[in-house]
Amino acid sequence: MRAVAMSRLDPGQRMPCSPAPKRVFVLYLLYLLVVYVILPGVGIILGIGLATLGCVAAAGRHALAARAAAPIARLTGSRGLGEPARAIRVGGVMWLLVAREPRPDAPDWPGRRLLAAIDAVAWPLMWVLLIRQVPGPAGLVGPFVTALAVLLGLGRLHRVLWINHRYWFTTWRWGKVLGAMLLIGAVLKIAMSA
């Protein structure tokens, strides 16, 4: 029936458009608008913003370097020998610089290097074994976590073997947290049963 209706059209007469081509045309126009107008505009705005941020950061670094040459007593109003923080005014902006005191070296005792090496390798190995126990397919996450754990383990082992005085035991750190949680749980269990 439709073929008959189409054959009755005059050669100069246009066929009526169905809604599907109109929808495709509108989607195509939206695509062109996004690709050629909105995305370049956002890119230009982001570029200008990042360039401005870079200029501001460079100016701030330059001003801080100029102020760093000034005596500390003039900037903070005191000698600043044991102060953990310093205030610097650059233009109309106040910068607060907080310097944390470095952690003291770990004490050295016999057998520390061996136990530290075991601690350094055991934690990344635990993460690898944990990701291998995932019941379903881990996809890309499994190999990524494994590679990350191996890299972190090598870095920890390097710190243990060559700069042992800067290595702190992970087992002791998280063991204290776990012990505190177990103690709180035991106290709560005793309090609930009484």
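## Thr146 in helix 5

Thr146 sits in helix 5. The model is a predicted one. Is Thr146 buried or exposed? Thr146 has a relative accessible area of 14%. The cut-off for buried is under 20%, so Thr146 is buried.

Which residues does Thr146 touch, leaving out those up to four places away in sequence? They are Val128, Ile131 and Arg132.

## Helix 4 against helix 5

Two packed helices are described by the angle between their axes and the distance between the axes. Helix 4 covers residues 112–132, and helix 5 covers residues 141–162. They pack at an angle of about 180°. Their axes are 9 Å apart. Angles over 145 degrees count as roughly antiparallel, so helix 4 is roughly antiparallel to helix 5.

What kinds of residue make up the contact? The contact has 16 nonpolar, 3 polar and 4 charged residues.

## A closer look at helix 4

Helix 4 has 21 residues. Its first and last C-alpha atoms are 30 Å apart, close to the 30 Å expected at 1.5 Å a residue.

Which residues of helix 4 are buried? They are Arg112, Ala116, Ala117, Asp119, Ala120, Pro124, Val128 and Ile131. An α-helix has 3.6 residues a turn, so residues three or four places apart point the same way. The cover over the buried residues of helix 4 includes helix 5 and helix 6.

## Leu154, an exposed residue

Leu154 is also found in helix 5. Its relative accessible area is 52%. Exposed means over 50%, so Leu154 counts as exposed. How far is Leu154 from Pro124 in space, C-alpha to C-alpha? The distance is 9.2 Å, and the two are 30 residues apart in sequence.

## Helix 6

Helix 6 runs over residues 170–193. Its 24 residues should span 34 Å at 1.5 Å a residue. The end C-alpha atoms are 34 Å apart, so the span agrees. Helix 6 is hardly covered. The count of buried residues in this helix is 1.

## An aromatic cluster

How many aromatic pairs are there? The count is 2. Trp109 and Phe169 form a stacked pair. Their ring centres are 6.2 Å apart, with 20° between the planes. This pair links distant parts of the chain, 60 residues apart. Trp109 lies in the loop between strand 2 and helix 4, while Phe169 lies in the loop between helix 5 and helix 6.

Tyr167 and Phe169 also pair. Their ring centres are 6.0 Å apart and their planes lie at 75°, so this pair is edge-to-face. Together, Trp109, Tyr167 and Phe169 form one aromatic cluster. Tyr167 is buried, at 0% relative accessibility. Trp109 is partly exposed, at 36%.

## The whole protein

The protein has 6 helices and 2 strands. From the N terminus on, the order is α-α-α-β-β-α-α-α. How much of the protein is buried? Of its 194 residues, 13% count as buried.

How values were computed
Residues numbered from 1 in each chain as written. Predicted model: local features only at pLDDT ≥ 70, side-chain atom pairs only at ≥ 80, totals over all residues. Heavy atoms only, no water. Axes fitted to C-alpha atoms, helices over the stretch in contact; angles between N-to-C directions. Helix = DSSP H or I, 4+ residues; strand = E, 2+ residues; numbered from the N terminus. Parallel < 35°, antiparallel > 145°, perpendicular 65-115°, else oblique. Nonpolar A, V, L, I, M, F, W, Y, C, P; charged D, E, K, R; others polar. Expected span 1.5 Å × (residues − 1). Buried < 20%, exposed > 50% of the residue type's maximum accessible area, 1.4 Å probe, protein only. Phe/Tyr/Trp six-rings, centres within 6.5 Å; stacked < 30°, edge-to-face > 60°. Contact = heavy atoms within 4.5 Å.
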